[in-house]
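Subject: Structure handover

Hi,

Here is the structure I said I would pass on. My notes follow below it.

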Amino acid sequence: MLPVIASEWVYLFLLLANLPNLFLLIWLQKRPQAAELEIRICFANLAVNAILSGFTLYSTQEGSSYFFELVLMMMVICVFPYYKAGHGLSLVALSLLMISAIILVNHVQVAWQDAYDLFLFYVIGQACIVLRRYWFRQSSCYNYILHQANGTLFVAAGPMN
């Protein structure tokens with residue numbers, strides 16, 4: 001078992017780590033010209049959460065699955081579309097490094113089935129990130145083409161009398 005840390009403290013720590021991002025995003029909502037900054041802040045927050053995902057092991061109660069909260073956190077991180085190719089991979093790598101470090105430092109015995117499940121989870125998570133990015137880019141491309149076609153039709157229609 002991992003050292004006993006009250007799960008309430010772990011969840012409070014996760015909440016406090018995310019509050020600054022929430023306030024920043026609310027502040028940025030009033031400034032639409034800061035879209036690039038908003039995207040960078042969101043990515044930074046996801047990176048922090050990928051690192052913090054390993055701390056959820058400390059909230060595990062005896063007899064409970066070690067990795068349930070980790071899986072929940074990483075599922076949320078994996079469903080976002082990433083506009084830069086390496087961003088999704090870096091988040092998965094950060095989470096995997098953190099969870100591995102916590103397991104190694106605390107000498108946690110992980111059943112081979114759990115290790116296999118975690119490996120598959122990270123592979124599937126990475127596949128979801130790649131697919132979401134592809135779909136996001138395709139959707140953006142189609143929206144751009146549609147916008148251009150609408151503009152052409154508007155110009156071709158000429159002035160309305």
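Ser 95 sits in helix α4; helices here are DSSP runs of H or I with at least four residues, strands are runs of E with at least two, and both are numbered from the N terminus. Ser 95 has 0% relative accessibility, so it counts as buried. The cut-offs are under 20% relative accessible area for buried, over 50% for exposed, and partly exposed in between, with a 1.4 Å probe and protein chains only. Leaving aside neighbours within four places in sequence, Ser 95 is in contact with Ala 50, Ser 53, Leu 70, Met 74 and Tyr 122. Contact means heavy atoms within 4.5 Å.

Two notes on provenance. The model is predicted, so local features need pLDDT of at least 70 and side-chain atom pairs count only at pLDDT 80 or more, while totals for chains, interfaces and linings use all residues. Residues are numbered from 1 along each chain as its sequence is written, and side-chain values use heavy atoms, with hydrogens and water left out.

Overall picture

The protein has five helices and zero strands. Along the sequence the pattern reads α-α-α-α-α. Of the 161 residues in the protein, 31% are buried. Take the contacts between residues at least 6 apart in sequence: 76% of them join residues at least 24 apart.

Helix α4

α4 covers residues 85-105, which is 21 residues. From first C-alpha to last it reaches 31 Å, close to the 30 Å expected at 1.5 Å a residue. The expected span is 1.5 Å times one less than the number of residues.

Which residues of α4 are buried? They are His 87, Gly 88, Leu 91, Val 92, Ser 95, Met 98, Ile 99, Ile 102 and Ile 103. Seen down the axis of α4, these buried residues fall within an arc of 140°, so they line one face of the helix. The arc is taken from the directions from the helix axis to the C-beta atoms. As background, an α-helix has 3.6 residues a turn, so residues three or four places apart point the same way. On the other side of α4, Ala 85, Leu 97, Leu 104 and Val 105 are exposed. Just after α4, His 107 takes a positive phi of about 50°.

Helix α5 and its packing on α4

α5 spans residues 112-157. Its 46 residues should span 68 Å at 1.5 Å a residue, and its end C-alpha atoms are 67 Å apart, which agrees. Buried in α5 are Leu 118, Phe 121, Tyr 122, Gly 125, Gln 126, Ile 129 and Arg 133. Gly 158 follows α5 and has a positive phi, near 75°.

The axes of α4 and α5 come within 9 Å and cross at roughly 165°. Axes are lines fitted to C-alpha atoms, for helices over the stretch in contact, and angles run from 0 to 180 degrees between N-to-C directions. The two helices are therefore roughly antiparallel, a label for angles over 145 degrees. The contact is made by Ala 85, Gly 88, Leu 89, Val 92, Ser 95, Leu 96 and Ile 99 of α4 and by Tyr 122, Gln 126, Ile 129 and Arg 133 of α5.

Two other sites

Leu 57 lies in the loop between α2 (35-52) and α3 (68-78). Leu 57 is buried, at 0% relative accessibility. Leu 57 and Phe 67 are ten residues apart in sequence and 6.7 Å apart, C-alpha to C-alpha.

Ala 17 is in helix α1 (residues 7-29). Ala 17 is partly exposed, with a relative accessible area of 27%. Not counting residues up to four places away in sequence, Ala 17 touches Asn 45 and Leu 52. The C-alpha atoms of Ala 17 and Leu 52 are separated by 8.9 Å, at 35 residues apart along the chain.

Best wishes

Terms used: Angles under 35 degrees count as roughly parallel, over 145 as roughly antiparallel, 65 to 115 as roughly perpendicular and the rest as oblique.
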